[in-house]
Amino acid sequence: MGGDLSVARIGYGAMKLTGWPKGDRPSRETALAILRRAVDLGVNHLDTSHYYARDGVAANELIREALHPYPDDLVIVTKVGALVEGSDLALPADEKTGLTPDNLRRGIEANLRTLGVDRLDVVNLRMGDLDRSQTPLAAPLETLLALRDEGLIRHLGISNVSAAEFTEARKIAPIACVQNLYNLSRRDDDPLIDACAEAGIAYVPFFPVGGFQPLTAEHLNAVAARHRATVPQVALAWLLTRSPNILLIPGTGSLDHLEENIAAGELRLSTEDIAELVG
């Protein structure tokens, strides 16, 4: 990632450890155990944000408690965007001010402080939380580029962007990764994945499993049964097969599911499996 950060293709997304923005979360002890077990299993790519926080439980603080001082090869990818705090998600669109220069700096400083680091490995600029016509990419990306030049950020990424925004972003700054919605049922980003691969840029799909249409679910069930695997494992294995630049960050609040997700990296789909899954 970024040309100088080597990561395993299956990482871990920390959002579910906090139950943000809503939903269940594991106990603190389980959350810490999941993070430590992930590293034990070879995960060296964690995805997080300062605004993944709810009711006093924050992803960055859990990561710091579980893993600091960090292993030398651990890459922590965080993000900033329209949200300044996790609770800002409930604000009207015109009150979400995270993309201003001052609040972008505030977000970067919050990530640095809560993770306990002097420089962030990768920061994704998340777009798409507001009316796209009112939130152009150039100005916030230029702000992050200036913060990178100050030494606060190592690499920049972009999240929830269109193909046009990807092209625009590359004219402004070197881009290490793109993090967008993509899975077996939602493949609108196929051309963007290929463009990233050609440029040597990592593509990190969020929501990699779930939301499958009935026919897709039927095919997933059939392939999973043949391999004696779970449906999420097959969905993750398909993503790894889709393109060599795809990196995964499945999140979970369960130690058992963590083990299953990592094991998906050993699942080898046949040409026939892939043809059945994509229809």
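In the predicted model, the buried residues of helix H3 are covered by elements that include helix H2 (59-67), strand S5 (75-80), strand S6 (120-126), helix H4 (138-149) and strand S7 (153-159). Helix H3 itself comprises 15 residues, spanning positions 101-115. From its first C-alpha to its last it reaches 21 Å, close to the 21 Å expected at 1.5 Å a residue. The residues of H3 that are buried are Asn103, Leu104, Gly107, Ile108, Ala110, Asn111, Leu112, Thr114 and Leu115. In an α-helix there are 3.6 residues a turn, so residues three or four places apart point the same way. After H3 comes Gly116, which has a positive phi, near 75°.

Strand S6, one of the elements covering the buried residues of H3, contains Val122. The relative accessible area of Val122 is 0%, and this residue is therefore buried, the limit being under 20%. Beyond the neighbours within four places in sequence, the contacts of Val122 are Met1, Leu5, Val75, Ile76, Val77, Thr78, His155, Leu156, Gly157 and Cys177.

Ala58 belongs to strand S4 (residues 57-58). Its relative accessibility is 14%, so Ala58 likewise counts as buried. With neighbours within four places in sequence left aside, Ala58 contacts Thr18, Tyr52 and Ala53. A distance of 9.4 Å separates the C-alpha atom of Ala58 from that of Gly86, and the two residues are 28 positions apart along the chain.

The largest pocket of the model has a volume of about 770 Å³. Its lining consists of 31 residues, of which Met15, Lys16, Phe207, Pro208 and Gly251 are the closest to the pocket centre. At least two lining residues are supplied by each of strand S9 (202-206), H8 and H9. Classified by residue type, the lining of the largest pocket contains 16 nonpolar, nine polar and six charged residues.

Phe207, one of the residues closest to the centre of the largest pocket, is placed in the loop between S9 and helix H7 (214-227). Although Phe207 is not a glycine, its phi is positive, at about 55°. Phe207 has a relative accessibility of 44% and therefore counts as partly exposed. A positive phi of about 55° is also found at Arg228, again not a glycine. Arg228 is located in the loop between H7 and H8. The relative accessibility of Arg228 is 82%, so this residue counts as exposed.

Thr252 occupies the loop that runs between helix H8 (231-242) and helix H9 (255-263). With a relative accessible area of 6%, under the 20% limit, Thr252 is therefore buried. A polar atom of the Thr252 side chain lies 3.1 Å from the backbone nitrogen of Ser254. When neighbours within four places in sequence are set aside, Thr252 is in contact with Tyr12, Gly13, Lys16, Leu17, Ile34, His257, Leu258 and Asn261. Among these contacts of Thr252 is Lys16, which also belongs to the residues closest to the centre of the largest pocket.

The second largest pocket has a volume of about 190 Å³. Its lining is formed by Tyr70, Pro71, Asp72, Leu74, Ile76, Leu115, Val117, Arg119, Leu120, Asp121 and Arg154. Seven of these lining residues are nonpolar and four are charged, with no polar residues present. The lining includes Leu115, one of the buried residues of H3, as well as Ile76, one of the residues in contact with Val122.

Two cis peptide bonds were also examined. One joins Trp20 and Pro21, with omega at about 0°. Pro21 is situated in the loop between strand S1 (12-13) and helix H1 (28-40). The other leads from His68 to Pro69, where omega is near 0°. The loop between H2 and S5 is the location of Pro69.

Note on methods:
Residues are numbered from 1 along each chain as its sequence is written. This is a predicted model: local features need pLDDT of at least 70, side-chain atom pairs count only at pLDDT 80 or more; totals for chains, interfaces and linings use all residues. Side-chain values use heavy atoms; hydrogens and water are left out. Helices (H or I, at least four residues) and strands (E, at least two) are DSSP runs, numbered from the N terminus. Buried means under 20% relative accessible area, exposed over 50%, partly exposed in between (1.4 Å probe, protein chains only). A polar contact is a pair of N or O atoms within 3.5 Å; within protein, one must be able to donate a hydrogen and the other to accept it, and residues adjacent in sequence count only if both atoms are side-chain atoms. Contact means heavy atoms within 4.5 Å. On a 1 Å grid over the protein atoms alone, a cavity is a set of points where a 1.4 Å probe fits but cannot get out, and a pocket is an open set with protein on both sides within 12 Å along at least five of seven lines; lining residues have an atom within 4 Å of a point. Grid points are joined across faces, edges and corners, and a volume is the space filled by probe spheres set on the points. Ala, Val, Leu, Ile, Met, Phe, Trp, Tyr, Cys and Pro count as nonpolar, Asp, Glu, Lys and Arg as charged, and the others, Gly among them, as polar. The expected span of a helix is 1.5 Å times one less than its number of residues.
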